[in-house]
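Hello,

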Amino acid sequence: MNLYAAGWFAFQDPNMSACTAAAARSMLNFIAYRHLGGSGFRWSMTNSGSVRDMILAWERAHDTLPGGTGSDPHGWRNALNFFGWGEGTLDAGYRVYDDRAYGTYENAVRSAIRQMVWTKKPVGLLGWRGGHSQIMTGYYGLRGNPFARDSTGKYLNRFTVTGFYITDPLRKSGIVNKAVSWSTLKSTTNYKLRFQPYYQRDSTQDDPYTPGFIPARDEWYGKFVLILPFR
């Protein structure tokens with residue numbers, strides 16, 4: 001599976017703070033191009049820089065950062081839902097996309113594969129130890145059944161893939177629709193391509209769209225963070 005759509009990806013450049021906004025724009029473009037949005041999908045395909053900057057401004061007003069110039073996983077998640085399906089999908093229980101944090105690389109990427117198979121939508125990946133957004137548009141070499149469960153209904157997770165298709169919104173990264181092996185994404189010495197735990201500490205506010213109170217950084221710190229599609 002590869003959900004990348006040539007012509008409907010655009011870099012974040014020249015806005016160096018807009019990685020999450022550019023990623024959201026391209027992910028919604030890929031969904032729209034392949035007619036996979038489903039009920040309530042309202043996005044119109046565009047590579048506009050002004051739309052990128054408008055998304056970033058909206059994210060900044062709806063994330064869990066007290067300052068700065070970029071956004072965070074909550075801003076990215078919220079933008080995908082709002083611009084893709086509307087305000088009614090911002091709250092927990094109604095989202096198309098949600099952020100998830102995993103204790104291991106293996107559990108994170110297996111969840112990414114499973115949700116891509118299930119929903120046919122791309123996945124957001126928090127790269128650079130949480131400092132940058134990247135897009136996983138697919139995988140290759142699937143072996144095993146992603147949906148196999150044990151007698152209690154728990155996923156067995158006895159499947160793997162040879163690799164993934166990754167796109168980075170920053171031009172100088174040189175990563176566009178790139179085939180990246182399972183082992184490379186896990187352990188390459190190229191840290192701009194390696195998927196590592198989230199080590200940003202600046203998202204100190206609580207997510208207003210989820211019940212309970214927790215500083216957002218405590219949801220993610222030291223874990224592998226993804227923006228996953230659920231329907």
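The side chains of Arg77 and Asp99 form a salt bridge, with N and O 2.9 Å apart; the term stands for a side-chain nitrogen of Lys or Arg within 4 Å of a carboxyl oxygen of Asp or Glu. This pair joins distant parts of the chain, as Arg77 sits in helix H3 (residues 73-85) and Asp99 in strand S1 (residues 97-102), 22 residues apart. Helices (H or I, at least four residues) and strands (E, at least two) are DSSP runs, numbered from the N terminus.

Before going on, a word on the source: this is a predicted model, in which local features need pLDDT of at least 70 and side-chain atom pairs count only at pLDDT 80 or more, while totals for chains, interfaces and linings use all residues. Residues are numbered from 1 along each chain as its sequence is written, and side-chain values use heavy atoms, leaving out hydrogens and water.

Are the two partners buried or exposed? Arg77 is buried, at a relative accessible area of 1%, and Asp99 is buried too, at 8%. Here buried means under 20% relative accessible area, exposed over 50%, and partly exposed in between (1.4 Å probe, protein chains only).

Arg77 and Asp99 also belong to a network of salt bridges that links them with Arg95, Asp98, Arg100 and Asp207. Arg100 is partly exposed, with a relative accessible area of 33%, whereas Asp98 is buried at 12%.

Another salt bridge joins Arg60 to Asp63, whose closest N and O atoms are 3.0 Å apart. Arg60 is partly exposed at 22% relative accessibility, and Asp63 is buried at 7%. How many salt bridges does a search of the whole structure find? The search finds ten.

Now to the helices. The axes of H1 (residues 19-33) and H2 (residues 49-60) come within 8 Å and cross at roughly 120°; axes are lines fitted to C-alpha atoms over the stretch in contact, and angles run from 0 to 180 degrees between N-to-C directions. The crossing is right-handed, meaning that the near helix is turned clockwise from the far one by less than a right angle.

Which residues of H1 meet H2? They are Thr20, Ala21, Ala22, Ala24 and Arg25, and their partners in H2 are Gly49, Arg52, Ile55, Leu56 and Glu59, where contact means heavy atoms within 4.5 Å.

Best wishes
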